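This briefing covers the sheet, the helix packed on it, and the pockets. Please look over the sequence and the model first.

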Amino acid sequence: HPALVGFRPVIEAGAELRLHHTLLYNSIDCADDEMLVNTHVYGHPGGHAPVFHLRRQDAEGMADTYLDSIERVWAASARSTG
């Protein structure tokens with residue numbers, strides 16, 4: 001896919017990219033114990049929707065709910081060669 005060409009340097013550096021067909025209701029970016037969740041709001045572009053900054057502090061909190069979502073999509077996704 002042409003949009004994936006920009007990810008080639010990241011993949012060549014050792015990152016793994018996977019593709020999925022899951023309908024997602026949020027964009028989730030995470031690193032370490034922090035994540036940004038960009039909620040999708042009907043009628044508003046993503047750049048105008050709220051973004052939640054979450055920090056994982058204990059198991060079973062809101063951050064863990066989103067992390068579980070990411071892990072489920074990742075497990076069901078296909079590897080891409082970029």
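L4 counts as buried because its relative accessibility is 12%, where buried means under 20% relative accessible area, exposed over 50%, and partly exposed in between (1.4 Å probe, protein chains only). This is a predicted model, in which local features need pLDDT of at least 70 and side-chain atom pairs count only at pLDDT 80 or more, while totals for chains, interfaces and linings use all residues. Residues are numbered from 1 along each chain as its sequence is written, and side-chain values use heavy atoms, with hydrogens and water left out.

**Position of L4**
- L4 sits in the segment before helix 1; helices (H or I, at least four residues) and strands (E, at least two) are DSSP runs, numbered from the N terminus.
- Between L4 and A49 there are 45 residues in sequence and 25 Å in space, C-alpha to C-alpha.

- An open sheet is formed by 3 strands in the order 2-3-4, with antiparallel pairing; two strands pair if DSSP finds at least two bridges between them.
- Strand 2 (26–31) and strand 4 (51–55) are at the edges with a single partner strand each, so one side of each has no neighbour in the sheet.
- On average, neighbouring strands of this sheet are turned by 15° against each other, direction ignored.
- Strand 3 (residues 34–39) is joined to strand 4 by 5 bridges, and E34 stands opposite R55 in strand 4.
- Helix 2 (residues 62–76) packs on the sheet and touches strand 2, strand 3 and strand 4, its direction making about 100° with that of strand 2.
- Contact means heavy atoms within 4.5 Å; axes are lines fitted to C-alpha atoms, for helices over the stretch in contact, and angles run from 0 to 180 degrees between N-to-C directions.

**Largest pocket**
- The largest pocket holds about 610 Å³ of space; a pocket is an open set of points on a 1 Å grid over the protein atoms alone, where a 1.4 Å probe fits, with protein on both sides within 12 Å along at least five of seven lines, and lining residues have an atom within 4 Å of a point.
- Its 15 lining residues include H20, L24, I28, I70 and V73, the closest to its centre.
- Strand 2 and helix 2 each supply at least two residues of this lining.

**Second largest pocket**
- The second largest pocket holds about 160 Å³ of space.
- Among the residues that line the second largest pocket are L4, F7 and W74.
- Strand 1 gives the largest share of this lining, 3 residues.

Conventions:
Grid points are joined across faces, edges and corners, and a volume is the space filled by probe spheres set on the points.
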